[in-house]
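This report is written for someone meeting the structure for the first time.

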Amino acid sequence: MCINQEQYNEILERLNNIEFRQQLLFENNAVSRVLFEYEITQSQYTEIMNLMDDYRNRISNREDVSHGDFERCIYNIIPRQNGNYHFCEEIVLAFKELHRWEEVFENLYGDMSKYNNLKR
């Protein structure tokens with residue numbers, strides 16, 4: 001059986017995705033569970049982390065940030081989550097639980113009453 005380059009690339013991409021999802025299962029932490037549940041790919045995860053770094057820098061530079069703008073950025077990364085602000089909140093909260101990008105959560109969602117129990 002001969003496969004062409006396009007088929008080979010598709011198989012390789014699927015294998016990489018399976019390995020990434022397996023890694024998420026083994027990690028079994030707040031972030032990996034969210035990524036697994038929402039079927040986030042490794043490249044989307046990398047883009048999310050870059051976005052989190054970007055927001056950390058904006059916050060450090062005392063720039064105005066809002067959860068609405070952040071959510072639009074997430075929807076650009078993961079179009080099938082468009083309008084699902086619950087996903088956006090979940091991923092930022094999951095990072096906070098792992099003590100990663102805590103300031104991003106605090107600045108975007110920390111003042112919401114539903115998160116009052118998380119105040120320090």
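A salt bridge is counted here when a side-chain nitrogen of Lys or Arg lies within 4 Å of a carboxyl oxygen of Asp or Glu. The model is predicted, so local features need pLDDT of at least 70 and side-chain atom pairs count only at pLDDT 80 or more, while totals for chains, interfaces and linings use all residues. Residues are numbered from 1 along each chain as its sequence is written, and side-chain values use heavy atoms, with hydrogens and water left out.

**Overall layout**

The protein has 6 helices and 0 strands. Helices (H or I, at least four residues) and strands (E, at least two) are DSSP runs numbered from the N terminus. From that end, the order of elements is α-α-α-α-α-α. Taken along the principal axes, the C-alpha atoms fill a box of roughly 60 × 30 × 25 Å.

The accessible surface comes to about 7900 Å², and 46% of that belongs to carbon and sulfur atoms. Accessible areas come from the Shrake-Rupley method with a 1.4 Å probe, and for residues only the protein chains shown count as cover. A residue is called buried under 20% relative accessible area, exposed over 50%, and partly exposed in between. Of the 120 residues in the protein, 35% are buried.

A contact means heavy atoms within 4.5 Å. Among contacts with a separation of 6 or more, 53% are between residues 24 or more positions apart.

**Salt bridges**

By the rule given above, the protein has 6 salt bridges.

| Pair | N to O distance | Location |
|---|---|---|
| R58 and D54 | 3.1 Å | both in helix α3 |
| R56 and E103 | 2.5 Å | helix α3 and helix α6 |
| E89 and K114 | 2.8 Å | helix α5 and the segment after α6 |

R58 and D54 are 4 residues apart, about one turn of the helix. An α-helix has 3.6 residues a turn, so residues three or four places apart point the same way. R58 is partly exposed, with a relative accessible area of 25%, and D54 is also partly exposed, at 31%.

R56 and E103 form a salt bridge with their closest N and O atoms 2.5 Å apart. This pair links distant parts of the chain, 47 residues apart. R56 has a relative accessible area of 31% and is partly exposed; E103, at 27%, counts as partly exposed. Both residues belong to a network of salt bridges that also includes D53.

E89 and K114 form a salt bridge too, at 2.8 Å. E89 lies in helix α5 and K114 in the segment after α6, so this pair ties together parts that are 25 residues apart in sequence. E89 is buried, at 5% relative accessibility, whereas K114 is partly exposed at 45%.

**Helix α3**

Helix α3 covers residues 42–60, which is 19 residues. From its first C-alpha to its last it reaches 27 Å, close to the 27 Å expected at 1.5 Å a residue; the expected span is 1.5 Å times one less than the number of residues. Which residues of α3 are buried? They are Q44, Y45, I48, L51, M52, Y55 and I59. Seen down the axis of α3, these buried residues fall within an arc of 115°, so they line one face of the helix. The arc is that of the directions from the helix axis to the C-beta atoms. The buried residues of α3 pack against α1 (5–27), α2 (30–37), α4 (67–77), α5 (85–97) and α6 (102–108). After the helix comes R62, whose phi is positive, near 60°.

**The interior**

A nonpolar core is a set of buried Ala, Val, Leu, Ile, Met, Phe, Trp, Tyr and Cys residues joined through side-chain atoms within 4.5 Å. The largest one has 33 residues, and those with the most contacts inside it are I48, F70, I74, F87, I91 and Y109. Each of α1, α2, α3, α4, α5 and α6 supplies at least two residues of this core. Helix α5 gives the most, with 7 residues.

Leaving aside neighbours within four places in sequence, Y109 is in contact with H67, F70, E71, C88, E89, V92 and Y115.

F95 lies in helix α5 and is buried, at 0% relative accessibility. F95 and N29 are 66 residues apart in sequence and 9.7 Å apart in space, C-alpha to C-alpha.

Terms used. Buried means under 20% relative accessible area, exposed over 50%, partly exposed in between (1.4 Å probe, protein chains only).
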